[in-house]
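Subject: Structure handover and findings

Dear colleague,

I am passing on the structure we discussed, together with some notes on what was found in it. Please open it alongside this message, as the notes are meant to be read with the coordinates in view.

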Amino acid sequence: MDEDGYSFRRIMGDAEFVRKTLIVLGLVLLALLLWKLADVLLLAFGAILVALILRASADLLVGYLRVPERWALWISTLLIFAIGLGLIALFGAQIRAQFSNVVERLPFVIDNLSKNLGFGAVSDDLSEMVNNMPSSGLASRIAGIGGAVLSGLADFLLVVIAGIYIASAPKLYKQGFIKLFPKRHHERVESSLDASGQALRLWLMSQLIAMSCVAVLSGLAFWLIGLPSPYALGLIAGLADFIPFLGPILGALPAVLFAFSVNGETALWTVLAVLAIQQIEGNVIFPLVARSVVSIPPALALFAILVGSILFGTLGLVFGFPLAVVAYVLVKKLYVREALGEETSVPGEEEAKQESGV
């Protein structure tokens, strides 16, 4: 019996070892699969952001205009597209011409600035590189740029269409995701998803308002200063403002470069205008529209953006901060509060309870 018992325990021990080994291998394979599908997952996250915008717009129609809920989403979607098409019809030709002007003049602007700094003409080096490049290599580079543009447009359309589908039936996708976890964790996962969604929604709506204000103020300021293509430069500044911390710097660079190509006084006024607009956004606009938004420590948010850009490229740079918002909410709720037992407020939790009627 002792020998039989020893054999039984040995067999059970081997079986347990095999089970744990298979679990580890499964986790490693899952991590590799997620890494390979990182771009697809980031696009899916972008679709979720689009769905949040559409649902927020629909909720405004339901709450203020008493539009029936079953029609609110489609009306809000059509309104957003109609407004976008209207703006394109009114200002599209002018903005397109100004963007073309920016693209055409920017190399010469950089060239002049480089000469003034004593580095020589950058365009000469570029011309030499182009002349020395084989014709097949140049053609492949041009084809690569065109392919990247088409790929970006395809990704954008995919995100928008998927966002509409998610917004039309959010509970379906949420419940499907919850069922991937053991039943005893369903309530915890659902509450975490609701809190993360509300935090993202609050941040996203406030960010869109801030971006619009920055675009309008920048365009007006650049027009008053006398910069070429002021509306296009203002639009670039507004779009870049979606990326906190780094976005305002990247968005202001074209305007500052153009200002240096005019004269020193124009450059000084442009830099002062950019600084003033950022101060207005940070101290006036954002506090008014973002009272309930998750407040991530600035250093943590900056490193999240940098890590996202290093790991996932452009998509990581764009979605680095909203991903940090989700991670911040989940860490505070699941780790700090539930695992460590520390009292802490979770961004978006109260709003999620109010929406669910709890």
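Is the crossing of helix 8 and helix 9 left-handed or right-handed? The crossing of these two helices is right-handed, and please keep in mind throughout that the model is a predicted one. Helix 8 covers residues 230-240 and helix 9 covers residues 246-262, and the two pack at an angle of about 170° with their axes 7 Å apart. Since angles over 145 degrees count as roughly antiparallel, helix 8 and helix 9 are therefore roughly antiparallel to each other. On the side of helix 8 the contact is made by Leu233, Ile236, Ala237 and Ala240, while helix 9 brings Gly247, Pro248, Gly251, Pro254 and Ala255. Sorted by class, the contact of helix 8 with helix 9 has 7 nonpolar and 2 polar residues, with no charged residues.

The axes of helix 6 (residues 170-178) and helix 7 (residues 186-225) come within 10 Å and cross at roughly 135°, which makes helix 6 oblique to helix 7. The crossing of helix 6 and helix 7 is right-handed. Here Lys174, Gln175, Phe177 and Ile178 in helix 6 meet His186, Val189, Glu190, Leu193 and Asp194 in helix 7. By class, this contact of helix 6 with helix 7 has 4 nonpolar, 2 polar and 3 charged residues.

As for the chain as a whole, the protein chain has 12 helices and 0 strands. Buried residues account for 31% of its 358 residues. Of the contacts between residues at least 6 apart in sequence, 67% join residues that are at least 24 apart.

If residues up to four places away in sequence are not counted, Leu200 touches Phe45, Leu49, Leu52, Pro322, Val325 and Val326.

Ser196 has its place in helix 7 and is buried, with a relative accessible area of 7%. Leaving aside neighbours within four places in sequence, Ser196 is in contact with Val326, Val329 and Leu330; Val326 is also among the residues that Leu200 touches.

Leu302, by contrast, is found in helix 11 and is partly exposed, with a relative accessible area of 30%. With neighbours within four places in sequence again left aside, Leu302 is in contact with Phe245 and Leu246. The C-alpha atoms of Leu302 and Ala324 are separated by 9.7 Å, although these two residues lie 22 residues apart along the chain.

With kind regards

Technical notes
Residues numbered from 1 in each chain as written. Predicted model: local features only at pLDDT ≥ 70, side-chain atom pairs only at ≥ 80, totals over all residues. Heavy atoms only, no water. Axes fitted to C-alpha atoms, helices over the stretch in contact; angles between N-to-C directions. Helix = DSSP H or I, 4+ residues; strand = E, 2+ residues; numbered from the N terminus. Parallel < 35°, antiparallel > 145°, perpendicular 65-115°, else oblique. Left-handed = near helix turned anticlockwise from the far one by under 90°. Contact = heavy atoms within 4.5 Å. Nonpolar A, V, L, I, M, F, W, Y, C, P; charged D, E, K, R; others polar. Buried < 20%, exposed > 50% of the residue type's maximum accessible area, 1.4 Å probe, protein only.
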